[in-house]
Amino acid sequence: MSDNLKKYAGPLYAFYYGGQFILLGIQLPFFAGWLALNGFDASEIGLITGAALIARLLFGPLVAFWADHQTDERRALRAVTFLFALGAGGLLIAPTKILIGASAALVIWTFGLLVPLTDTAVLRADRNGWLHYGQTRAAGSFFFLSTNIIGGAILTATGVAAAAPAMACAASFAFLMTFLLPAGAGGRGGAKPVSWREAPKLLANPVFLIVLFSAGLTQGGHAVYYAFSFLRWEQLGYSTLVIGCLWATGVIAEIFLLTRARGLAKRLGPAKLLALGGAAAALRWTVIALEPPLPLLFIVQTLHAGTFACAYLGAIEFLDRAAPLRLVNTGMTLMSTTGVGAVTGLATVAAGFVWNGAGPAPAYLMMAGMGACAFLAAILLMRVWDGGRLFD
């Protein structure tokens, strides 16, 4: 392919991320309100999320395995993004609560598949010389941040009823972008397709399980933050604007680190990145448990660059270096489903009981303990992994 075409790969994948993360920027803060407006109570909303998580655990690895088997990476992206857009569109036309719930679960499930599939394609495109991974991936965080701010202002004025149409537009845009992605950018580079007998080798490999454990605990440690931070900070008297700025501070720190991902990952390597992520989690959630004054809280929020970005980069850098090229999609999705999705889901349930029974501080300290365990797992990784491929 010509260099002229290559220069457009980064922007095209950035806009593809944009459609995904604009939807997420609406879904995380506002979608529960839209569901409540349509007659769903808290337990029903929980069931929708739970159904999406179960589907992710059951079918996510199979979808990733199928994607690894494709000679054209865009085929898998297009198929999953079509389901993503179908679910978002279904929110607008579904006539019953059951169908609305099914559409919502489909959106949440397919988003959990799209991110690792897209990350794999972009990581390969970086390796093939088409784009800069960190800068392209940071576009997703930028779109998410912008949607939090701009979308929040718009939905405040129009009401949460506009959330579903906005999500449908974002998902439809992402689907249209799959027809513009350049051919060959995220290809396997001639690596042989994956065999059905090979996929279980990842889960049977102790080094992979250590990384799964470390990355999953650090990312899962965000459970209290994602589920309850707004409620607690509102109780402490912080305005919606201040809470939005606290979230924005963390995302800005994440973007800053992601844009420098290539050099950082090369210098530190996966194990040190994972160790930094675990240490940042232990520190961040311990300090937040103590409910520091607002200026210190803003400073602590910059540790999101460690608790999210370092753990995230450490996991994908490990897969890039250690997993056979034909199994990167499978490994990425296993990280996303079993390592991050399952741990986050279980941690959210457990933290809810701790929060209700003992208060915010013990719940946050539980997240800090997860970070400490992730740090120790990363130290173990340094001792047992030689830096090479797990198997051929």
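These notebook entries record what I looked up in the structure.

**Basis.** I worked from a predicted model, in which local features need pLDDT of at least 70, side-chain atom pairs count only at pLDDT 80 or more, and totals for chains, interfaces and linings use all residues. Residues are numbered from 1 along each chain as its sequence is written, and side-chain values use heavy atoms, with hydrogens and water left out.

**Entry 1: nonpolar cores.** I took a nonpolar core as a set of buried Ala, Val, Leu, Ile, Met, Phe, Trp, Tyr and Cys residues joined through side-chain atoms within 4.5 Å. Buried means under 20% relative accessible area, exposed over 50% and partly exposed in between, with a 1.4 Å probe and protein chains only. The largest such core holds 104 residues, and Phe208, Phe318 and Leu390 have the most contacts inside it. A second, separate core has 26 residues, including Tyr225, Tyr238, Ile288 and Ala351. I then listed the contacts (heavy atoms within 4.5 Å) of Phe318. Leaving aside residues up to four places away in sequence, Phe318 touches Val207, Phe208, Val211, Pro270, Ala323, Met335, Trp385 and Leu390.

**Entry 2: α2 with α5.** Helices here are DSSP runs (H or I, at least four residues), numbered from the N terminus. Axes are lines fitted to C-alpha atoms over the stretch in contact, and angles run from 0 to 180 degrees between N-to-C directions. Helix α2 (residues 9–37) packs on helix α5 (residues 97–127) at about 150°, with the axes 11 Å apart. That makes α2 roughly antiparallel to α5; angles over 145 degrees count as such, under 35 as roughly parallel, 65 to 115 as roughly perpendicular and the rest as oblique. The crossing of α2 past α5 is left-handed, meaning that the near helix is turned anticlockwise from the far one by less than a right angle. Among the α2 residues in this contact are Phe21, Leu24 and Gln27, and those of α5 include Ile108, Phe111 and Asp119. By class, the contact has 18 nonpolar residues, three polar and one charged. Ala, Val, Leu, Ile, Met, Phe, Trp, Tyr, Cys and Pro count as nonpolar, Asp, Glu, Lys and Arg as charged, and the others, Gly among them, as polar.

**Entry 3: Ile108.** I followed Ile108, which is found in α5. Not counting residues up to four places away in sequence, Ile108 touches Gln27, Ile48 and Ala52.

**Entry 4: α2 with α4.** Helix α4 (residues 73–93) packs on α2 at about 30°, with the axes 13 Å apart. The two helices are therefore roughly parallel to each other, and α2 passes α4 in a left-handed crossing. Tyr13, Tyr16, Gln20, Leu23, Phe31 and Trp34 of α2 meet Glu73, Leu77, Thr81, Phe84, Ala88 and Leu91 of α4. I noted nine nonpolar residues, two polar and one charged in this contact.

**Entry 5: α9 with α16.** The axes of helix α9 (residues 206–220) and helix α16 (residues 360–384) come within 8 Å and cross at roughly 155°. These helices are therefore roughly antiparallel to each other, and α9 passes α16 in a left-handed crossing. Residues meeting there include Val207 and Val211 of α9, and Ala374 and Ala377 of α16. The contact has 14 nonpolar residues, three polar and no charged ones.

**Entry 6: Glu291.** I found Glu291 in the loop between α12 (261–289) and α13 (294–301). Its phi is near 50°, a positive value in a residue other than glycine. Most residues other than glycine have a negative phi. Glu291 counts as partly exposed, at 35% relative accessibility.
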